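I opened this notebook to keep track of what I looked up in one protein structure. The entries follow the order in which I went through the topics.

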Amino acid sequence: MASSILSLSIPFLAACSALFIATEARPHRRQGSSASPDFLAAYTVPLSNSTATLPSPVAGTSLKALTLGRGTQNYTCADSTANSIPVSIGASATLFDASPLLPYLPPMEGQEVLDILPSYLVSFSYAALENSSLPVKGHHFFNSAVVPIFNLTSTDVGLLVGSKIGDIAAPTGSTPGPNGVGPGAVDWLALGASDGSSGIAQGYRVFTAGGKPPKTCEGQAPTIEVQYAAQYWFYG
């Protein structure tokens with residue numbers, strides 16, 4: 001048991017330290033700051049939940065941005081009875097730049113640290129993160145046609161008008177919501193680029209925490225916002 005606790009505490013402490021350093025090093029929020037391409041080149045998007053696999057990045061593309069998304073998955077309910085099921089109407093999230101953390105992560109444990117960060121971020125106050133010094137890489141939202149948009153144009157990465165090309169369940173044991181409580185973690189996704197995209201060929205949502213709706217609308221408001229966090233990887 002002690003060794004298990006230690007194995008979890010080491011990456012957790014490293015993650016907290018990395019977040020602290022990245023935040024304290026930036027007294028004023030900056031858009032577009034990032035690690036050198038050499039740091040990004042050392043990382044590859046995780047594709048497998050151990051039972052299924054997402055499509056690989058398109059040949060000839062490279063990792064352009066590695067971000068941590070924090071926001072809400074949004075749903076509507078026709079009524080507040082158990083006979084109604086929540087219907088997805090999209091999501092809204094801020095995409096925080098993860099690359100400034102990379103130089104501070106342990107060389108052999110960097111991916112492990114990144115992978116646990118969404119589980120902690122989902123419990124952080126969204127408002128506090130928005131007002132922090134963590135650099136923002138872009139924003140995620142859905143347009144009026146309920147199409148996912150990832151706008152990273154302000155940081156010269158590009159714009160992804162997403163089209164789903166892969167969908168697998170979050171791994172067993174994924175964080176179900178803030179403070180470990182909630183209906184579950186939303187699926188991992190692979191997204192291709194639809195008309196209107198520029199600079200980004202593919203996007204991935206992995207290592208999700210929270211975001212799933214209640215099983216029914218019983219006792220729910222007409223609109224439900226479910227807190228979530230995830231890694232978002234962008235290739236181009």
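Below are my entries, from the overall layout to single residues.

**Ground rules.** I noted first that this is a predicted model, in which local features need pLDDT of at least 70 and side-chain atom pairs count only at pLDDT 80 or more, while totals for chains, interfaces and linings use all residues. I also wrote down that residues are numbered from 1 along each chain as its sequence is written, and that side-chain values use heavy atoms, with hydrogens and water left out.

**Overall layout.** I looked up the secondary structure and found four helices and eight strands, where helices (H or I, at least four residues) and strands (E, at least two) are DSSP runs numbered from the N terminus. Read along the sequence, these elements come in the order α-α-β-β-α-α-β-β-β-β-β-β. I then looked up burial, and of the 236 residues of the protein 45% count as buried; for this, buried means under 20% relative accessible area, exposed means over 50%, and partly exposed lies in between (1.4 Å probe, protein chains only). The accessible surface comes to about 11000 Å², and 57% of it belongs to carbon and sulfur atoms; the areas come from the Shrake-Rupley method with a 1.4 Å probe, and for residues only the protein chains shown count as cover. For contacts (heavy atoms within 4.5 Å), I noted that among those between residues at least 6 apart in sequence, 74% join residues at least 24 apart.

**Aromatic pairs.** How many aromatic pairs does a search of the whole structure find? The search gives five, with rings of Phe, Tyr and Trp (its six-membered ring) taken as a pair if their centres lie within 6.5 Å, and with planes under 30 degrees apart called stacked, over 60 edge-to-face and the rest tilted. Trp188 is buried at 1% relative accessibility, whereas Phe207 is partly exposed at 23%.

Tyr232 is buried, with 1% relative accessibility, and Phe234 is buried with a relative accessible area of 1%. Tyr232 and Phe234 form one aromatic cluster together with Phe150.

**The largest pocket.** I looked next for open space, and the largest pocket has a volume of about 350 Å³. On a 1 Å grid over the protein atoms alone, a pocket is an open set of points with protein on both sides within 12 Å along at least five of seven lines, probed at 1.4 Å, and lining residues have an atom within 4 Å of a point. Which of the 20 lining residues are the closest to the centre of this pocket? They are Gln73, Ser88, Val186, Leu189 and Arg205. Strands β1 (63-76), β2 (87-97), β3 (136-142), β4 (148-152), β5 (158-168) and β6 each supply at least two residues of the lining, and β2 gives the most, with three. By type, the lining divides into 11 nonpolar, four polar and five charged residues, where Ala, Val, Leu, Ile, Met, Phe, Trp, Tyr, Cys and Pro count as nonpolar, Asp, Glu, Lys and Arg as charged, and the others, Gly among them, as polar.

**Two loop residues.** Is Ser50 buried or exposed? Ser50 is exposed, with a relative accessible area of 67%, and its place is in the loop between α2 (37-41) and β1. Its phi is near 90°, a positive value in a residue other than glycine. Asn179, in the loop between β5 and β6, likewise has a positive phi, near 60°, and counts as exposed at 66% relative accessibility.

**Two buried residues.** Pro118 is found in helix α3 (residues 110-121) and is buried at 0% relative accessibility. Leaving aside its neighbours within four places in sequence, Pro118 is in contact with Leu68, Phe207, Ala209, Ala229, Ala230 and Gln231. Tyr228, in strand β8 (residues 223-235), is also buried at 0% relative accessibility. Tyr228 and Ser123 are 105 residues apart in sequence and 8.7 Å apart in space, C-alpha to C-alpha.

Methods: Grid points are joined across faces, edges and corners, and a volume is the space filled by probe spheres set on the points.
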